[in-house]
Amino acid sequence: MLVVATAAMTVLLVLLTLLQFHWVGEVTVAARERIRRELGNAADRIADDFDREVFRAFVAFQPPRDAAQPLAEALADGWERWSATALEPRLIEAVYVVDADSTGADTGSGLSKLDPISRTLVPAAWPAELANLADRFANDRLATSRPPFGSRDSTAHSRGSHGPVFASAPALVLPQRRPARSGRSGEREASEARGPVIVALDRDVISQSVLPALIELHLGSENQETDAWVLDRGRRGDPVFATGPLDDRARHPDSDVAVRPMLGLRFYPELRAQGFKPFFDEPEARQRLDSSRRSPPPRTGAGGRGTSWGGGPPDSGSWALVLARREGALDAAVARLRRRNLGVGLAVIALLGATSALLLLSARRAQSLARREMELIAGITHELRTPLASIASAAENLADGVVREPEQIRRYGGLIKGETHRLGALVAQVLDFAGSAATGRRARPVEPVDLGQIVDRVIEDHRFTIDEKGFVIDRRQSVHTSRALAEPDALRRALDNVIGNALKYGEAGRWLGIEIEPAPSGDDGRARVALRVRDRGPGIARSDRRRVFEPFYRGPDAAGLHLHGTGLGLAVTKSVVESLGGTIEIEDGDAGRGVTFVITLLAAPPEPAPDAAPIEAAPQAASAPRTAS
């Protein structure tokens with residue numbers, strides 16, 4: 001079942017990974033389109049705000065509707081309305097009025113300039129940037145086939161040449177309206193002698209103030225990663241404004257570049273509420289605007305490859321705004337987004353994979369624990385059955401009178417005593433393991449104990465097995481080194497497990513060695529005592545030496561020798577010894593030459609000397625090493 005679940009989870013994770021890569025690709029394409037769309041929207045807003053200011057100037061300086069109102073007064077009023085509502089009042093450099101009889105720009109006559117403070121028109125020379133416009137006025141008057149420049153008919157007739165927007169200056173040309181006859185020929189003739197109104201825009205203010213402010217406003221944080229150019233269509237794409245070097249992206253835009261027309265007349269009804277209501281209420285105003293303004297620019301898409309900024313139809317705008325992410329900026333932004341999405345997605349998949357692995361590991365561990373639980377139950381059952389059967393058999397023989405001789409009775413009593421001890425040790429072993437598993441390792445209260453006495457008691461507990469299997473006990477002890485700090489009962493159970501294992505697995509050698517000697521001091525400088533238990537059995541492989549202290553683990557030799565057990569003895573021993581502040585290890589030795597367990601405990605302080613010991617006291621027995629069999 002776990003194999004099937006693992007395979008299914010692996011297939012699912014692979015499928016999720018493939019879907020993640022596909023989804024990231026789709027998101028990357030959508031991100032690129034979103035960046036293009038945002039760039040196009042920013043270009044729309046920049047061009048729209050700039051053209052609104054141009055239209056505001058066009059509306060503010062319309063000729064007066066009332067023929068009796070002096071032109072200077074009307075233009076001065078328009079200047080005040082413009083200054084009160086404009087985003088940048090410095091955008092208009094000057095307002096000029098062309099005399100109808102002017103013949104060119106060579107004499108310095110034929111042009112008047114508005115003084116907004118005195119509200120008068122003063123003679124002025126033709127500025128250099130308007131020289132070409134003056135020549136066009138002269139050519140229009142000399143061409144008899146054309147209506148006089150500035151009239152409604154001339155505007156429509158000359159639309160193909162320049163229209164109301166003169167981009168080179170830049171400037172707006174507003175034609176005069178023919179006033180109705182007032183009955184006084186002098187006033188009528190004076191009014192008709194006036195030519196068009198020229199609203200000159202300040203090119204420096206446009207390039208240094210207006211356009212940077214609009215770009216900063218509408219691009220925001222993207223301003224540092226975006227190049228912007230404003231190109232003059234009438235001058236073969238010469239830059240009016242640029243935030244970087246003019247490169248191929250500006251001259252030949254591709255799909256990642258936003259292009260919008262600028263410096264054209266578009267209709268903005270919202271200006272009606274900003275002091276320009278008379279213009280919108282005049283029927284002829286919209287007609288004049290419709291006859292001269294360009295069509296609204298396209299709102300979607302961008303310049304295509306091979307676009308030329310020279311010439312072009314007037315409806316496409318006199319200037320062109322080009323916005324492009326800086327060289328590599330768009331690809332870098334998309335790549336960063338792709339990496340981020342991939343990182344997040346792969347992290348989620350990795351988390352799912354780790355969670356699935358943990359779930360599978362937990363399920364496998366649960367199965368292993370369940371299997372070990374069954375093995376524990378089976379092992380405990382077998383371990384209980386064997387001594388119970390021996391005790392029951394011996395008790396029946398004694399009860400039925402089969403055994404009558406004293407020697408046999410003592411033997412049967414020893415058997416019952418040994419099997420009873422075996423049962424008690426098994427129960428204590430299980431209880432110790434359950435207690436350590438429930439509460440964890442915790443320090444036990446220790447006291448000075450005599451290791452030699454505890455070892456002797458454990459040997460006596462196993463006396464029946466020792467005699468029955470013919471073991472030779474080689475017990476050695478250094479002088480005055482048998483005292484240690486321990487809890488007597490806990491240490492006795494620990495030694496019982498170690499010595500019991502030696503008797504079980506070392507049966508082929510029939511020899512058991514026990515040594516008590518000083519051990520090297522620990523890091524804390526305190527003295528220690530080492531207790532070694534040796535046998536001459538098959539030994540323990542180096543690869544299994546760490547695992548023999550794990551609960552339920554039984555090495556391959558146990559199965560090969562058909563030896564039963566619970567696999568808890570050494571685990572419980574390790575827990576008990578460590579709770580006493582000691583250690584248990586397997587000492588290196590030759591393979592196949594048995595095994596040596598080394599238990600190290602803190603040494604107890606020496607016993608105080610007896611007071612006033614009599615000189616004639618009987619000599620003490622020498623504590624020389626002894627051998628018991």
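**A walk through a predicted model: rings, sheets and strands**

Buried here means under 20% relative accessible area, while exposed means over 50% and partly exposed lies in between, using a 1.4 Å probe and protein chains only.

Before going on, a word about the source. This is a predicted model, where local features need pLDDT of at least 70 and side-chain atom pairs count only at pLDDT 80 or more, while totals for chains, interfaces and linings use all residues. Residues are numbered from 1 along each chain as its sequence is written, and side-chain values use heavy atoms, with hydrogens and water left out.

Now the overall view. The protein chain has 629 residues, and 43% of them count as buried. It holds 16 helices and 18 strands; these are DSSP runs numbered from the N terminus, with H or I over at least four residues for helices and E over at least two for strands. Take the contacts between residues at least 6 apart in sequence: 74% of them join residues at least 24 apart. A contact means heavy atoms within 4.5 Å.

Back to F55. Which ring does F55 pair with? F55 and F267 form an edge-to-face aromatic pair, 5.9 Å centre to centre with 65° between the planes. For the rule, rings of Phe, Tyr and Trp (its six-membered ring) pair if their centres lie within 6.5 Å; planes under 30 degrees apart are stacked, over 60 edge-to-face, and the rest tilted. F55 belongs to helix 1 (residues 2–60), and F267 to the loop between strand 9 and helix 8 (277–281), 212 residues apart. F267 is partly exposed, with a relative accessible area of 23%. Ring pairs also link F55, F58, F267 and Y268 into a cluster.

In the whole structure, a search finds five aromatic pairs. Another one is F61 with W79: the centres are 6.1 Å apart and the planes at 75°, so this pair is edge-to-face too. F61 lies in the loop between helix 1 and helix 2 (71–85), W79 in helix 2, and both residues are buried.

Four strands form an open sheet in the order 8-7-10-9, with antiparallel pairing. Strands pair if DSSP finds at least two bridges between them. Why is one side of strand 8 (238–242) and of strand 9 (257–262) left without a neighbour in the sheet? Because both stand at the edges, each with a single partner strand. The twist averages 25° from one strand to the next. Strand 9 and strand 10 (residues 319–325) pair over six bridges, and V257 has A324 in strand 10 as its bridge partner. Helix 6 (residues 203–219) packs on this sheet, touching strands 7, 8, 9 and 10, and its direction makes about 55° with that of strand 8. Axes are lines fitted to C-alpha atoms, for helices over the stretch in contact, and angles run from 0 to 180 degrees between N-to-C directions.

Last stop: strand 15 (residues 528–535), where seven of the eight residues are buried. Strand 14 (residues 511–519) joins strand 15 through eight bridges, running antiparallel, and A519 has R528 as its partner. Strand 17 (residues 596–602) pairs with strand 15 over seven bridges, also antiparallel, with R532 opposite V598.
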